[in-house]
Amino acid sequence: MTVVLLISGSTRAASTNSAALRTVSAIAPDGVETVWYDGLADLPAFAPDDDSTAHPAVVALREQLSRADAVLFSTPEYAGTLPGSLKNLLDWTVGAGDLYGKPVAWITVAPEGRGDGATATLRSVLGYVGADIDPDACRRLPVPREGVGPDGLVADPEFRSGATAVLRGLARHAATATS
Ligand SMILES: Cc1cc2nc3c(=O)[nH]c(=O)nc-3n(C[C@H](O)[C@H](O)[C@H](O)COP(=O)(O)O)c2cc1C
C-alpha cells in the first residue's frame with residue numbers, strides 16, 4: 001500500500017483546490033491510500049527558535065509527513081506566489097528535513113495562463129527542501145468554480161482520468177524510489 005498525503009494550499013470552504021484533492025481521494029485506485037491533511041490553518045507562524053519545540057500542530061504535520069510515502073499538493077496562487085499559509089507549512093519542514101527525499105507532485109487547477117507564479121514557487125521551495133519532485137505526475141487539470149458539485153467533488157471525466165493518472169504515476173514513482 002502506498003500512502004499519499006494530500007495537502008491543499010487553500011483554507012477556503014468552497015476551495016477548488018481542496019475539491020480537486022477530495023476527488024483524487026474519492027477515485028484512488030487499489031493499492032493507494034490517500035490521507036487528508038487538514039491542519040494548515042492551525043499551524044503557528046514559523047519561528048526558528050521554536051523549530052525543535054513540540055507545538056501540537058507542527059508535531060501532527062511531521063507525523064503525517066513521516067507516515068506518507070508521497071505528498072500531492074494543490075494550491076491557489078495568491079498575489080503571484082504561494083499562499084503564505086502553505087509557504088509557512090513548507091518553512092516548518094526545512095530544519096527537520098521532513099520532505100527531504102520524499103516523492104512529491106502537484107496538480108494545478110487554475111486555467112492556462114493563471115497560477116504559474118504559485119507553481120514556480122512551489123517547485124523552487126520543494127527543490128530547496130530536497131523533495132523528490134516527480135515531474136511526470138505534475139499536471140494542470142483545470143477546475144472552474146462551477147466544476148465543483150454539491151457533493152464537493154469534481155465530476156468532469158477529463159479531470160478524473162487526469163487525476164487518476166497523477167495518483168498512479170506518483171504512487172509508482174514512490175514505489176520505485178523506495179525499492
Ligand atoms: C488574496 C488573493 C490573491 C489572489 N491572487 C491571485 C494571483 O496572483 N493570481 C491568480 O491567478 N489568482 C489569484 N487569486 C485568485 C485565486 O487563486 C483563485 O480564486 C483560486 O481559485 C482560489 O483557490 P481556491 O478555490 O482553492 O480557494 C487570488 C485570490 C485571493 C483571495
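1. Basis. Because the model is predicted, local features need pLDDT of at least 70 and side-chain atom pairs count only at pLDDT 80 or more, while totals for chains, interfaces and linings use all residues. Numbering starts from 1 along each chain as its sequence is written, and side-chain values use heavy atoms, with hydrogens and water left out.

2. A ligand nitrogen is 2.8 Å from an N or O atom in the side chain of E77. Ligand oxygen atoms lie 2.7 Å from a polar backbone atom of G80 and 3.0 Å from a polar side-chain atom of R145. The protein buries 64% of the 630 Å² that the ligand exposes when taken alone (Shrake-Rupley method, 1.4 Å probe).

3. Aromatic pair. The structure holds one such pair. The ring centres of F46 and W92 are 4.9 Å apart and the planes are at 90°, so the pair is edge-to-face (centres within 6.5 Å, planes over 60 degrees apart; the six-membered ring is used for Trp). The partners are 46 residues apart: F46 is in the loop between strand 2 (32–36) and helix 2 (56–67), and W92 is in helix 3 (residues 84–94). Helices (H or I, at least four residues) and strands (E, at least two) are DSSP runs, numbered from the N terminus. W92 is buried at 2% relative accessibility, whereas F46 is partly exposed at 28% (buried is under 20%, exposed over 50%, partly exposed in between; 1.4 Å probe, protein chains only).

4. Backbone at A79. Most residues other than glycine have a negative phi. A79 is not a glycine, yet has a positive phi of about 50°. This residue lies in the loop between strand 3 (70–74) and helix 3, and A79 is exposed, at 84% relative accessibility.

5. S161. This serine is in helix 5 (residues 157–178) and is partly exposed, with a relative accessible area of 48%. A polar side-chain atom of S161 lies 3.3 Å from the backbone oxygen of E158.

Technical notes:
Phe/Tyr/Trp six-rings, centres within 6.5 Å; stacked < 30°, edge-to-face > 60°. Polar contact = N/O pair within 3.5 Å; in protein donor to acceptor, adjacent residues only side chain to side chain.
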